[in-house]
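User: I am new to this structure and would like to learn how to read it. Could you take me through a few features, giving the general idea before each case?

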Amino acid sequence: MFLSAELLVVAADSSTFDERMALYQKTEALTQVPWYYLAAIDQYERNTSEKSEERITSITFPDSLWFGLENIDHITDSRIIGLFQGIGQDGTGNNQADPMNDEDALYTLAMYIRQYGITEPDIKIALWEYYQRSLTVKTIVQTAKVYRTFNTTELTEHEFPVPLNYNYSYKNTWGDARGFGGRRIHEGTDIFAGYGTPVRATSYGVVEIKGWNRYGGWRIGIRDINNTYHYYAHLHGFSDDLSVGDVVQPGDIIGSVGSSGYGPPGTSGKFPPHLHYGMYKDNGTNEWAHDPYPSLRAWEKESRNR
Ligand SMILES: [Zn+2]
């Protein structure tokens, strides 16, 4: 639980992204379900489930759903699966619906969605029926928006949240006690910098929350395409043109460093100006805070080498 979940994501090289995209687009051509929804569901599954070495996508279905409840021998003949009312479909044209075959799995997913329709509201209903979890539906729809915006899934860069040419300092304070609001531990990293220092998006994602919070002051929450929610608190203000639902990329300026918070809206100056940076990982069942410090160090290095 306390491992940095970011570090567990296996790095994929460019050819993997290309191969996946070819599969998504082929499936879209067959089913009219937009590729970026298929890609976003695949990404969500990759972030929340066990991975298979032999496959390049992570779409899986429970056996009883794929084969049909009473197809206990797991016969892959697509006509037999149909007789048993399994949802497994043959996407390759060999009359076999193999749940370990990427094309069959993607085609089955797309055909499942298609029953509901291919507009965003239709797809949201299909996702709700399948996952029964609103955060999952929201995450997938937001990831699809990011993929659609950049027309690729190969979005692996990050930026440090403060431009490196400003004065700033931070250290690892994970779990330190803090003074306000009772016995809470410190779930984040404080980056100390002067008032007005620009604050940047670190990752590709969508703005999920923007406004006042009693502890965090003026704060922004961005959910990225890896199921991680990034929390930026104590801001002095927000970028004028930033709204909830906006897609951001690493380096986009979202606000500036301040000392807001620890009281009713507008409270400021109760502590030195700093950016409180928090990261919360969703594993498909629970969301929990993990230490952002190792990621911040890595992004700082990445920004420096750019
Ligand atoms: Zn803090």
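Analyst: Among contacts between residues at least 6 apart in sequence, 56% join residues at least 24 apart, where a contact means that C-beta atoms, placed from the backbone, lie within 7 Å. This is a predicted model, in which local features need pLDDT of at least 70 and side-chain atom pairs count only at pLDDT 80 or more, while totals for chains, interfaces and linings use all residues. Residues are numbered from 1 along each chain as its sequence is written.

User: At what angle do the axes of helix H2 and helix H3 cross?

Analyst: Two packed helices are described by the angle between their axes and the distance between the axes. Here the axes of H2 (residues 14–31) and H3 (residues 35–48) come within 8 Å and cross at roughly 130 degrees, and the crossing is right-handed. Tyr 24, Gln 25, Thr 27 and Glu 28 in H2 meet Trp 35, Leu 38 and Ala 39 in H3.

User: Which strands pair with strand E5?

Analyst: Two strands pair if DSSP finds at least two bridges between them. Strand E4 (residues 205–213) pairs with E5 in the antiparallel sense over eight bridges, with Gly 221 in E5 as the bridge partner of Ile 209. E5 is also joined by five bridges to strand E6 (residues 228–238), again antiparallel, and Ile 222 stands opposite His 230 in E6. In the hairpin of E5 and E6, three residues lie between the strands, and Asn 227 in the turn has a positive phi of about 65 degrees.

How values were computed. Axes fitted to C-alpha atoms, helices over the stretch in contact; angles between N-to-C directions. Helix = DSSP H or I, 4+ residues; strand = E, 2+ residues; numbered from the N terminus. Left-handed = near helix turned anticlockwise from the far one by under 90°. Contact = placed C-beta atoms within 7 Å.
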